Amino acid sequence: MAISWQGIAKQKRESILAAIPAEWRIENIPSVEDKRDVTGAYIRSFLSESEVEITETDAVKIVEKTTSGQWKAVDVTRAFCHRASLAHQLLNCLHEIFFDAALESAHALDDYFHKYGKPIGPLHGLPVSLKDQLHIKDVETTMGYVGWIGTFEGKTGTGKEKVYESEMVKELRNLGAVMYCKTSVPHTLMSGETVNNIIGYTLNPKNRNLTAGGSSGGEGALIGIRGSPVGFGTDIGGSIRIPAAFNGLYGLRPSVGRLPYEGMGPLATTAGSLRLLVKAILSQQPWLHDPLVHEIPWRESHEQEIQSLIRSESSSSGKLCFGVMATDGIVKPSPPILRAIDIVVKALRSQGHEVIEWQPPFHGDIVEEAAKTWDFDGGADIKGAFSLSNEPMSQQVANFEKLDKQYSAAEIAAVNVRLRQLKKDYLEYWNSTAKLSRTGRCVDAVVCPVAPWPAARPQWFAYYGYSLWVNALDYTSVVVPVTEVDKKIDTVDAGYEPTDERDKSCYESYDPEIYDGAHVSVQIVGRRLQEEKMLGIAEYVGGLIGK
């Protein structure tokens with residue numbers, strides 16, 4: 001008798017839990033009401049002192065220890081495996097666990113170091129988690145679809161099942177990184193909330209009333225609770241930046257073609273960790289193996305230019321210039337987001353940097369046109385994936401079920417032509433800011449929200465405009481954590497009158513009591529292919545505000 005989709009999902013869900021060693025199981029999982037915040041002291045209570053020290057060290061300092069022989073790769077790997085196990089039990093954030101293979105890899109790294117007295121590469125012994133969109137040998141990839149279980153991307157007999165590895169994975173291995181788990185995603189990858197029929201709903205570790213974001217939500221939750229020092233996600237509409245922002249992390253959305261795999265980028269606890277990962281990946285010359293990657297090595301001169309402007313004593317031509325966009329004129333951000341932007345603006349002005357109001361072409365046109373690209377096939381690909389098991393779509397992505405129109409070639413071409421014109425218009429607006437700035441240069445970066453709220457409440461993610469405009473223009477963006485919600489300060493603007501239903505939904509979803517203690521972040525947006533510059537600025541801004 002054929003097993004139902006519910007039975008297949010249950011088997012998979014149980015196999016993930018079964019991969020967690022018995023000694024790492026939590027006997028009594030607290031309810032959200034009893035324990036909304038499971039970070040900090042709570043999760044530390046399950047760990048040894050050395051495990052706490054290791055897992056609360058950022059990637060930069062970890063590799064300083066592992067590449068010098070001060071820490072063994074196997075000890076670092078085991079500590080993160082333990083913390084990741086706890087994270088999954090509390091948050092539902094893992095799709096695949098392969099700790100034994102990870103520890104075997106770590107032992108091999110230690111043996112290499114003992115034999116040759118040097119590391120294999122710059123990421124020697126660094127545990128790296130991966131969004132369950134990348135393929136790893138001997139590990140399944142389901143991407144949240146029940147119908148993909150036991151297949152290669154929904155197909156059987158391809159010869160690639162548990163054999164094929166993504167280019168990014170190969171490069172990470174060459175650099176000495178240790179892969180040990182793959183993290184949860186919303187089925188379809190098209191949601192700012194992470195939920196699927198295999199593992200359920202992924203929660204935010206800082207405030208389990210809220211979502212961890214999506215589609216790289218498992219990465220956000222895992223790194224947010226320090227079950228991973230750094231991981232990789234993808235971002236075609238905000239899927240790196242949203243989880244980074246919701247979990248108080250730094251996250252890089254690079255321009256398409258800068259790193260292998262379209263939209264791929266890192267999330268981490270520090271900006272320096274993002275730089276470490278990007279520099280390491282580019283040192284592998286990925287353009288030699290991925291035809292879609294630009295041949296652009298890491299550019300030290302771009303970093304040095306930013307450092308020079310930051311250190312300049314001049315209050316005019318020698319300082320940085322920022323645009324600030326507190327609202328896109330469509331959906332007003334909630335009070336803590338507006339306060340976070342104000343914190344950043346005041347910090348920048350206190351150092352003599354210029355901040356001007358960002359008044360670009362209307363974002364509604366950009367967002368509307370970009371959103372059409374998601375519907376070109378009328379949802380055929382997504383519907384096909386669900387038909388493999390006949391599982392239902394979650395409410396968060398159920399709109400794809402209603403699609404019935406596939407765009408014609410002429411219609412697709414028209415959208416692309418329109419997007420090209422919108423990119424041109426925005427480019428010229430950015431160029432025009434040189435006339436508004438006392439520096440005589442164009443705005444260096446734009447400070448703006450990632451989403452209207454610090455993190456969405458379950459089933460309340462209703463607006464993607466603050467993240468999607470960046471993707472439509474293919475700009476570089478880095479998320480910077482700023483503060484936390486304070487219910488006494490971040491009160492509801494009782495006199496606000498929403499402009500439409502989207503604005504009303506976002507306004508009504510904010511409740512200071514529910515949001516109290518949640519992370520609040522902003523994004524620093526630069527023009528296309530400005531990864532070095534934006535990482536330098538993001539690290540500087542984070543330092544200014546104590547993050």
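Which residues does Trp 469 touch, not counting those up to four places away in sequence? The close-ups below, all taken from a predicted model, start there.

**View 1. Trp 469 and its neighbours in the predicted model.** Leave out residues up to four places away in sequence, and Trp 469 touches Met 325, His 363, Ile 366, Val 367, Tyr 426, Cys 448, Tyr 475, Gln 523 and Val 525. Trp 469 also shows up, along with Leu 126 and Leu 172, among the residues with the most contacts inside the largest nonpolar core.

**View 2. The nonpolar cores.** The largest nonpolar core takes in 158 residues. Helix α5, residues 73–91, gives this core its largest share, namely eleven residues. There's also a second, separate core of twelve residues, including Met 143, Tyr 145, Ala 385 and Phe 400.

View 3. You'll find Glu 532 in helix α20, which covers residues 531–544. Setting aside neighbours within four places in sequence, Glu 532 is in contact with Arg 258, Pro 297, Trp 298, Arg 299, His 302 and Glu 303.

**View 4. The annotated binding site.** An unreviewed UniProt entry puts the feature "binding site" at Leu 189, Ser 215, Ile 236, Gly 237, Gly 238 and Ser 239. These residues span 51 residues in sequence, but no two of their C-alpha atoms are more than 10.7 Å apart, so they gather at one spot. Of the set, Leu 189, Ile 236, Gly 237, Gly 238 and Ser 239 are included in the lining of the second largest pocket.

**View 5. Ile 236 and Gly 238, two of the annotated positions.** Ile 236 is in the loop between β6 (230–234) and α9 (241–246), and Gly 238 is in the loop between β6 and α9 too. Are they buried or partly exposed? Ile 236 is partly exposed, because its relative accessibility is 42%, whereas Gly 238 is buried at 1%. Ignoring neighbours within four places in sequence, Ile 236 is in contact with Met 190, Trp 374, Leu 468 and Asn 471. On the same terms, Gly 238 touches Gly 214, Pro 243, Ser 467 and Asn 471. Asn 471 is on the list for Ile 236 and on the list for Gly 238.

Key
Residues numbered from 1 in each chain as written. Predicted model: local features only at pLDDT ≥ 70, side-chain atom pairs only at ≥ 80, totals over all residues. Heavy atoms only, no water. Core = buried A, V, L, I, M, F, W, Y, C linked by side-chain atoms within 4.5 Å. Buried < 20%, exposed > 50% of the residue type's maximum accessible area, 1.4 Å probe, protein only. Helix = DSSP H or I, 4+ residues; strand = E, 2+ residues; numbered from the N terminus. Contact = heavy atoms within 4.5 Å. UniProt positions renumbered as here; feature names shortened; annotations may be inferred. 1 Å grid on protein atoms, 1.4 Å probe; cavity = no way out; pocket = protein on both sides within 12 Å on 5 of 7 lines; lining within 4 Å.
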